[in-house]
Amino acid sequence: MIIDLKRNTKKIPVPASGLRVKKNSIYEPNQLNDFKISRGKFSDYLTCQRCFYMDRVAGLDTPKTPGWSLNTTTDYLLKKEFDYCRKLQKPHRLFLENGLDHYVPFQHEDMDKWRDSLHAGLSIRYKNSNIILTGGVDDIWQDTKTKQLIIVDYKSQAQNGEINIYDYLKDPFHKGYKTQMDFYAYLLTKMGYKVSSNSYFLVCNANRQKEKFNKVMHFDEYLIPYEWNIDWIEEKIDQMITVMNSHDIPAANPCCRNCAYSEQFSKRCNSMQ
């Protein structure tokens, strides 16, 4: 269980209301003003409609998870590597090692904006609605032969042994990774770009077999190809918008531990009064 204290900009604990205060982050059913839905919030909808509704529509301020500083640092350093190759428009070392010498990091003036998931990201207006879909990619490469774009997502982990492509993609805990890639492919396609059917997870797996730390953590790198699929996305987005425009709180996912905890918490409080 996460016990999260609300803090101000000086990191001093302050009273928590349980409600968000930014009005543009709360959706009013059937509103006409534009409203952004990020890739992460779409994933929340797919996971538990009730949690999604209470967050985006009811405006509850959900507890935050701690930041993943080591993963973020891995991403940051990888981006520096690929940006160096992007500037020179030459293949990255991983491309050469995997027989992909016809790949280069995609050069575009909006690349930094597309990678900024908090303030920008890839962005489209969904059909003719007021819903703006956004998502921040880790990187985009380009096939110099076909000129198609290749979506890339960095993943950092620590798993014993070598990584098997089949097992990695079949892992139930990685279903969200594939959803994430499908969503990015949908956005890029709707933005008018030709996108390769193959995307890649660049997996950095920390090597635990080393005898000592010595201030250095070693990683094995894997390129896991994934053939994205966007056929299912619009149906789910349409359903999500219907839920957002309803004044009825949707049913919880019976497997959602957040909803189960909230229900039991309320019962215990009422029984002890």
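**Legends to close-up views of a predicted chain**

**View 1. The whole chain and its surface.** The chain exposes about 17400 Å², of which carbon and sulfur atoms supply 52%; accessible areas come from the Shrake-Rupley method with a 1.4 Å probe, and for residues only the protein chains shown count as cover. This is a predicted model, in which local features need pLDDT of at least 70 and side-chain atom pairs count only at pLDDT 80 or more, while totals for chains, interfaces and linings use all residues. Residues are numbered from 1 along each chain as its sequence is written, and side-chain values use heavy atoms, with hydrogens and water left out. Of the 273 residues of the chain, 37% count as buried (buried means under 20% relative accessible area, exposed over 50%, and partly exposed in between, with a 1.4 Å probe and protein chains only). The C-alpha atoms fill a box of roughly 65 × 55 × 40 Å, taken along the principal axes.

**View 2. Secondary structure and contacts along the chain.** The secondary structure comes to nine helices and eight strands, where helices (H or I, at least four residues) and strands (E, at least two) are DSSP runs numbered from the N terminus. Among contacts between residues at least 6 apart in sequence, 68% join residues at least 24 apart, a contact being heavy atoms within 4.5 Å.

**View 3. Helix 1 against helix 7.** Helix 1 (residues 39–47) packs with helix 7 (residues 175–190) at an angle of about 130°, and their axes are 10 Å apart. That angle makes helix 1 oblique to helix 7, since angles under 35 degrees count as roughly parallel, over 145 as roughly antiparallel, 65 to 115 as roughly perpendicular and the rest as oblique. Axes are lines fitted to C-alpha atoms, for helices over the stretch in contact, and angles run from 0 to 180 degrees between N-to-C directions. From helix 1, Arg 39, Phe 42, Ser 43 and Leu 46 meet Thr 179, Gln 180, Phe 183 and Tyr 184 of helix 7.

**View 4. Two loop residues with positive phi.** Most residues other than glycine have a negative phi. Lys 127, in the loop between strand 3 (122–125) and strand 4 (131–135), has a positive phi near 50°, and with 45% relative accessibility Lys 127 counts as partly exposed. Asn 214, which lies in the loop between strand 7 (198–206) and strand 8 (219–227), likewise has a positive phi near 50°, and Asn 214 is exposed, with a relative accessible area of 60%.
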